[in-house]
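Please keep the sequence and the structure in view while reading.

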Amino acid sequence: MAVSSAFVGCPKLETLLNHHNLSPSSSSSSSVSQTPLGLNGVRVLPKNNRTRRGLIQKARCELSASSDSASNAASISALEQLKNSAADRYTKERSSIVVIGLSIHTAPVEMREKLAIPEAEWPRAIAELCGLNHIEEAAVLSTCNRMEIYVLALSQHRGVKEVTEWMSKTSGIPVSEICQHRFLLYNKDATQHIFEVSAGLDSLVLGEGQILAQVKQVVKVGQGVNGFGRNISGLFKHAITVGKRVRTETNIASGAVSVSSAAVELALMKLPQSSNVSARMCVIGAGKMGKLVIKHLMAKGCTKVVVVNRSEERVSAIREEMPGIEIIYRPLDEMLACASEADVVFTSTASETPLFLKEHVENLPQASPEVGGLRHFVDISVPRNVGSCVGEVETARVYNVDDLKEVVAANKEDRMRKAMEAQTIITEESTQFEAWRDSLETVPTIKKLRAYAERIRVAELEKCMSKMGDDINKKTTRAVDDLSRGIVNRFLHGPMQHLRCDGSDSRTLSETLENMHALNRMYGLEKDILEEKLKAMAEQQQK
């Protein structure tokens, strides 16, 4: 009979069981004492299930009692007991960078607009995310094409679960529905993704430059926000470097079109070719997107555009910057009147509620006969400015950012060739970032080693001063203090040098981490570092 699988991987349990069965005079039951020996002298468990369970239970109890006794004898501290508990998995496990995202490639605009977080709300979102039990740092990248949350998670599985539930709570979308459309990326894959995003490789229009400005804005808004910590801020700052390098060292941005220019292209595709120049254009919103729409309309030969905006100041600035096109300003309360006089209406505002609904549009006069009597609404806002119900109006056509795929499909092959050049840069920068992140592991050891040496220095200095008496002058005291500091600094110079590296050489980094572990063992620094982690975890959970 083979040894029960219950003992596999538990030699201490096997030893205790064998101990009980070595002698017929054992205090265990007769069925246990008479248990025959199996292969290699290991006792075979009795066939009777009750006896088997009793034997295992007794052995486990004695194993537990033995462990407790040993613990008491060794005066194991509460911290060391915690090391052996389930919490140890969080203290020793390296925190993971995780991306939980939905983009134009994975989720429809209807879902993305519900999940969208305005820029002004990013600090609040970061604070709420970092208030979750397993999230240490966070950042939000919310644009018309994507809603991505970057976190540093103590546990990948629990972190993803908590963030997904938070997204569901803030958007009103069921968790199950979010899970159908989200994508999850961890560590190196997450790094690769944000670098590709910043370089414009993950955009609807390959190589578009506006996303780099949006990544920069994440860093700008995150400055001073508690949850925008070293790992996540370092990731986004490195992503900005990657975006700049790709645009400088490759020609991926040459002739690249933005979402705004793709919107103009789409509008002109839908109009009769003869009316491309004569069609009446109206732009709602004079922000960055609206400004780019006007710029590309001018490039396509448009000579006049009506711009509806909350204030005239921005419109005046655009007018001065683009003297080649006539720009007419209208206030927001004249929006419907302006739309009634336009053949194409572009919307690009930050409004969180639709500006145009079916009841607003169905009573508008038809567009001019030159464009077939159809009024085209090109909505590049997320959340959308034009309700989908407007499409039910017979004389109206509605397009949103998801419809721009039709425009960019034609030049995709050429841009993919350019993207391959960018990938070389991204791979190189990803390696450097991962090495930098690895090198951060030595920081606690450096701090603890210096603190350890300082404690010894101060203690020995106090002993020395007490022996020298009370009549020692300040000059001598300062000289002795400087001497002790100098000795400690000279002593620490070598170890500190071997704990620092710039991450550019993987061999050097590997050696640095080995040195870190060696110093932790030699000077007992791991306990202090673990205490810091546990304290940080406790503080995080109390927030």
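The points below describe a cavity and a pocket in turn.

The model is predicted. A search of the whole structure finds three cavities of 30 Å³ or more. The second largest cavity holds about 60 Å³ of space, while the second largest pocket holds about 1100 Å³.

**The second largest cavity**

- The lining of this cavity includes Thr143, Cys144, Asn145 and Arg146.
- Ser203, Glu208, Gln210, Ile211, Gln214 and Val259 also belong to the lining of the second largest cavity.
- Helix α11, which spans residues 210-222, gives the largest share of this lining, namely three residues.
- Sorted by class, the lining of the second largest cavity consists of five polar, three nonpolar and two charged residues.

**The second largest pocket: position and centre**

- The second largest pocket lies between domain 1 (92-249) and domain 2 (259-402), because both domains give residues to its lining.
- The pocket is lined by 36 residues, of which Glu119, Met289, Ser348, Thr349 and Ala350 are the closest to its centre.

**The second largest pocket: lining**

- At least two lining residues come from each of β2 (135-142), α11, α14 (288-299) and β6 (304-309).
- The largest share of the pocket lining, four residues, is supplied by α11.
- By class, 18 of the residues lining the second largest pocket are nonpolar, 13 are polar and five are charged.

**Helix α11 in both linings**

- Helix α11 supplies the largest share of the lining of the second largest cavity, and α11 likewise supplies the largest share of the lining of the second largest pocket.

Note on methods. Residues are numbered from 1 along each chain as its sequence is written. This is a predicted model: local features need pLDDT of at least 70, side-chain atom pairs count only at pLDDT 80 or more; totals for chains, interfaces and linings use all residues. Side-chain values use heavy atoms; hydrogens and water are left out. On a 1 Å grid over the protein atoms alone, a cavity is a set of points where a 1.4 Å probe fits but cannot get out, and a pocket is an open set with protein on both sides within 12 Å along at least five of seven lines; lining residues have an atom within 4 Å of a point. Grid points are joined across faces, edges and corners, and a volume is the space filled by probe spheres set on the points. Ala, Val, Leu, Ile, Met, Phe, Trp, Tyr, Cys and Pro count as nonpolar, Asp, Glu, Lys and Arg as charged, and the others, Gly among them, as polar. Domain bounds come from an automatic or database domain assignment.
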